[in-house]
Amino acid sequence: MKTIHQIPKLKTLLTAAIVSSGLFAIGFHALAEDADYSKIPGMPKLEIMSGNDRWGCEVLLCLANPNSPRAVSECRPPIDKLFDCLSWRHPCKFPSCPMAGDGNYAKQLSDGFDPCSLQGMEDAPQGFLTEGNLNDAKKFKTTRGNRKFLTHGHSSYNWGGEHWFKATEDSPGYWGGTKACVRGYQGIAYEPYTCQEDSGDSSYTTTCYRPVKVYEEVVWQKYQSRRAIDVFINGKNWTRVHW
């Protein structure tokens with residue numbers, strides 16, 4: 001049986017990030033040689049790790065690397081093993097780190113987007129959005145009734161996350177959607193668009209107006225793999241890994 005002192009050095013992985021975030025009691029040096037374990041809160045007296053316990057702690061630390069879980073060479077074997085066994089028809093049980101402490105763990109989920117909180121922003125609601133300042137006279141026109149109208153640029157529709165698009169005659173069903181991260185809510189503006197109005201047995205084209213939420217900043221995420229893992233540190237979402 002190997003002791004924890006014999007685990008390969010991983011000091012280069014997350015050294016600054018781990019120290020600044022206080023990653024789960026043991027910190028990153030708990031998996032490095034020459035660590036003074038007696039000064040690490042929550043560290044058991046017997047510093048022995050092997051098998052799935054060792055693998056689980058390596059996985060948790062490597063997943064927490066903001067540069068990607070395989071950015072450091074020592075992380076590639078445990079992470080490759082994780083992704084491989086999770087891909088089986090009957091996936092393996094997700095490994096855990098018994099030394100991590102409360103609020104420090106990783107969990108699987110299916111989501112092609114990331115939480116906007118990871119960017120210090122808010123998840124935008126479903127509907128039409130645009131970026132700008134309502135006081136910008138070049139982009140918004142104000143009526144006598146103090147209503148704002150979008151006169152330059154256009155809005156984009158936000159599904160607010162994953163959406164299942166049903167199959168049609170032209171295409172099969174698929175997962176997709178959009179997700180926008182926003183900050184600095186400005187208010188509502190109205191955007192003109194061409195619509196159809198019915199009049200008895202006929203219809204005609206006219207101009208309609210739709211409400212658009214205006215934010216100081218709007219960031220649109222790219223859709224990624226739905227296979228995802230969230231890493232939590234001190235009970236807060238630290239990062240999301242897609243694989």
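Rings of Phe, Tyr and Trp (the six-membered ring for Trp) are taken to pair if their centres lie within 6.5 Å, with planes under 30 degrees apart counted as stacked, over 60 as edge-to-face and the rest as tilted. By this criterion the structure holds 11 aromatic pairs. In Phe128 and Tyr157 the ring centres are 5.1 Å apart and the planes stand at 70°, so this pair is edge-to-face. Phe128 belongs to strand β3 (residues 127-131) and Tyr157 to strand β6 (residues 156-158), so the pair ties together parts that are 29 residues apart in sequence. Strands (E, at least two residues) and helices (H or I, at least four) are DSSP runs, numbered from the N terminus.

The structure is a predicted model, in which local features need pLDDT of at least 70 and side-chain atom pairs count only at pLDDT 80 or more, while totals for chains, interfaces and linings use all residues. Residues are numbered from 1 along each chain as its sequence is written, and side-chain values use heavy atoms, with hydrogens and water left out.

The protein has 3 helices and 12 strands. Of its 243 residues, 40% count as buried, where buried means under 20% relative accessible area, exposed over 50% and partly exposed in between (1.4 Å probe, protein chains only). The accessible surface comes to about 14300 Å², of which 49% belongs to carbon and sulfur atoms; areas come from the Shrake-Rupley method with a 1.4 Å probe, and for residues only the protein chains shown count as cover. Among contacts (heavy atoms within 4.5 Å) between residues at least 6 apart in sequence, 65% join residues at least 24 apart.

Helix α2 (residues 51-63) has 13 residues and reaches 18 Å from its first C-alpha to its last, close to the 18 Å expected at 1.5 Å a residue. The expected span is 1.5 Å times one less than the number of residues. Of the 13 residues of α2, 10 are buried, so the helix is largely enclosed by the rest of the structure. The buried residues include Trp55, Glu58 and Leu61, and the buried set packs against α3 (76-86), β1 (105-110), β11 (227-233) and β12 (236-242).

Tyr185 lies in strand β9 (residues 180-199) and Tyr215 in strand β10 (residues 202-220), so the pair ties together parts that are 30 residues apart in sequence. Tyr185 is partly exposed, with a relative accessible area of 47%, whereas Tyr215 is buried at 6%. Phe128, Tyr157, Trp159, Phe165 and Tyr174 form one aromatic cluster.

Tyr174 also contributes, with Trp164, Trp175 and Tyr223, to a nonpolar surface patch of about 420 Å². Patches are made of residues with over 30% relative accessible area and no salt bridge, like charges being joined within 9 Å and nonpolar side chains (Val, Leu, Ile, Met, Phe, Trp, Tyr) within 5 Å. Trp175 is found in strand β8 (residues 174-178) and is partly exposed at 39% relative accessibility.

Lys213, in strand β10, is partly exposed, with a relative accessible area of 29%. Leaving aside neighbours within four places in sequence, the contacts of Lys213 include Phe128 and Tyr185. Lys213 and Gln186 are 27 residues apart in sequence and 7.6 Å apart in space, C-alpha to C-alpha.

With a salt bridge defined as a side-chain nitrogen of Lys or Arg within 4 Å of a carboxyl oxygen of Asp or Glu, the count comes to 8. Asp111 forms one with Arg240, the closest N and O atoms being 3.3 Å apart. Asp111 sits in the loop between β1 and β2 (122-123) and Arg240 in strand β12, 129 residues apart. Asp111 is buried at 18%, and Arg240 is buried at 12%. Lys179 and Asp123 meet at 3.4 Å, N to O; Lys179 is buried at 8%, whereas Asp123 is partly exposed at 46%. Arg210 pairs with Glu191 at 3.2 Å, linking strand β10 to strand β9 across 19 residues. Arg210 is partly exposed at 21%, and Glu191 is buried at 6%. Salt bridges that share partners join Asp111, Asp230 and Arg240 into one network.
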